[in-house]
Amino acid sequence: MNFDEMFQQQLDDLADEGNYRVFAELERYCGRFPKAARHAEDGPGEVTVWCSNDYLGMGQNPQVLAAMHEALDGCGAGAGGTRNISGTNRYHVLLENELADLHGKEAALLFTSGYVSNWAALGTLGNRLPGAVILSDSLNHASMIEGIRHSRAHKKIWAHNDVGDLERKLAECPEDAPKIVAFESVYSMDGDIAPIEKILDVAEAYGAMTYIDEVHAVGLYGPRGGGVSEREGLADRITLIEGTLGKAFGVVGGYVTGSHKLCDFLRSFASGFIFTTSLPPAVAAGAAASIRHLKVSQIERMRHGRQVARLREKLDAHGIPHLPNPSHIVPVMIKNPVKCKMLSDILMDRYGIYVQPINYPTVPKGTERLRLTPSPLHTDEDIDYLVSALSDLWSQCLLAREVA
């Protein structure tokens, strides 16, 4: 049996659909975000990155870099083991303290990524709570879906951000079953925001645990960067707040926060925590420095909001369609996978603008888009140049009638 032929056939099918993914090989310039070197067959060139999840440019922040250098020089490269076997470093403990404080919770628990924290936490809760029912928003992230699937708990999918449907689904659950309502604050592809207070009202009426993914909100929203739940004064009502260190905080890793007993429960039973090497101390030190900075600094968030608003205004002025939403994510709708990839390639090759095409399965077929993420370090001139380039391509009818 020729396995390579079997692999290639499915890859060819993916390419024929316009959904085969090509990685851009980039080399970020330290201190010059959002500029980066692009390495390609025709040689290197400079590009402006417009699709980074380093939303505030904290991966380049001098305080973050200094903290990482200090920890690297003091502790070396790796943690040396799992958290249970020699891998709990002082920097991990300090970071978990910072995270618990950020969300006003008793404790926090670190994971190696946001994906793993969702997968491990939901998988463990659903599996270890007898008779648990997990009620999941229909647009929850793949990591949440995989965690729920892994748990083998009974699940109910409620219509996206539809509190009425959530209540109907909760009413169908056995009264004595542990119920977990899982949802996100900011949804990463459409940029819409959950009606958190209404969700909490319904969940509390049915005695349900609430689990919120704030991955695309931490650092960006709230007076200290605690996310949408902090901004709306609701964090204390949420059982578990999950987040990442790899987006607005600019480093890498994931975490959950909650009560001491909840975090100890996950520490003791979550295989995704127990059996993996812990984050390098330098990473933990950098993340803690980033969180400390964003707890007190408003400059990054204020300028970020300004640049997001400016980009939207410019796109509107040039008639370039984008999804209206209340967040920092600006999806320019293409609605065709081949044209989305083509537009991305032209922007890169002709204009030195890098924005990755977002196609199926990340988004449903027919909703392909360019997902723009302006940062506080994109200049007004960067925004003008991007919109001018997009306007040129629209006027040349490269997208034809599909995006009319």
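**Cavity and pocket**

Biologist: How many cavities of 30 Å³ or more does the structure hold?
Modeller: The model is a predicted one. A cavity is counted where a 1.4 Å probe fits but cannot get out. With the threshold set at 30 Å³ or more, the number of cavities in the structure is one.

Biologist: Which elements each supply at least two residues of the lining of the largest cavity?
Modeller: The largest cavity holds about 70 Å³ of space. Its lining includes Leu 110, Phe 111, Gly 272 and Phe 273. The elements that each contribute at least two lining residues are strand 4 and helix 10.

Biologist: How many residues of the lining of the largest cavity are charged?
Modeller: Among the residues lining the largest cavity are Arg 83, His 92 and Thr 112. By class, the lining has four nonpolar and six polar residues, and the number of charged ones is one.

Biologist: Which helix gives the largest share of the lining of the second largest pocket?
Modeller: About 250 Å³ of space lies in the second largest pocket. Of the 13 residues lining this pocket, those closest to its centre are Arg 83, Leu 109, Asp 264, Arg 267 and Phe 273. Strand 4 (107-111), helix 9 (260-269) and helix 10 (271-274) each supply at least two lining residues. The largest share, five residues, comes from helix 9.

Biologist: How many residues of the lining of the second largest pocket are nonpolar?
Modeller: Leu 109 and Phe 273 are among the residues closest to the centre of this pocket. The lining has four polar and four charged residues, while its nonpolar residues number five.

Definitions and conventions
Residues are numbered from 1 along each chain as its sequence is written. This is a predicted model: local features need pLDDT of at least 70, side-chain atom pairs count only at pLDDT 80 or more; totals for chains, interfaces and linings use all residues. Side-chain values use heavy atoms; hydrogens and water are left out. On a 1 Å grid over the protein atoms alone, a cavity is a set of points where a 1.4 Å probe fits but cannot get out, and a pocket is an open set with protein on both sides within 12 Å along at least five of seven lines; lining residues have an atom within 4 Å of a point. Grid points are joined across faces, edges and corners, and a volume is the space filled by probe spheres set on the points. Helices (H or I, at least four residues) and strands (E, at least two) are DSSP runs, numbered from the N terminus. Ala, Val, Leu, Ile, Met, Phe, Trp, Tyr, Cys and Pro count as nonpolar, Asp, Glu, Lys and Arg as charged, and the others, Gly among them, as polar.
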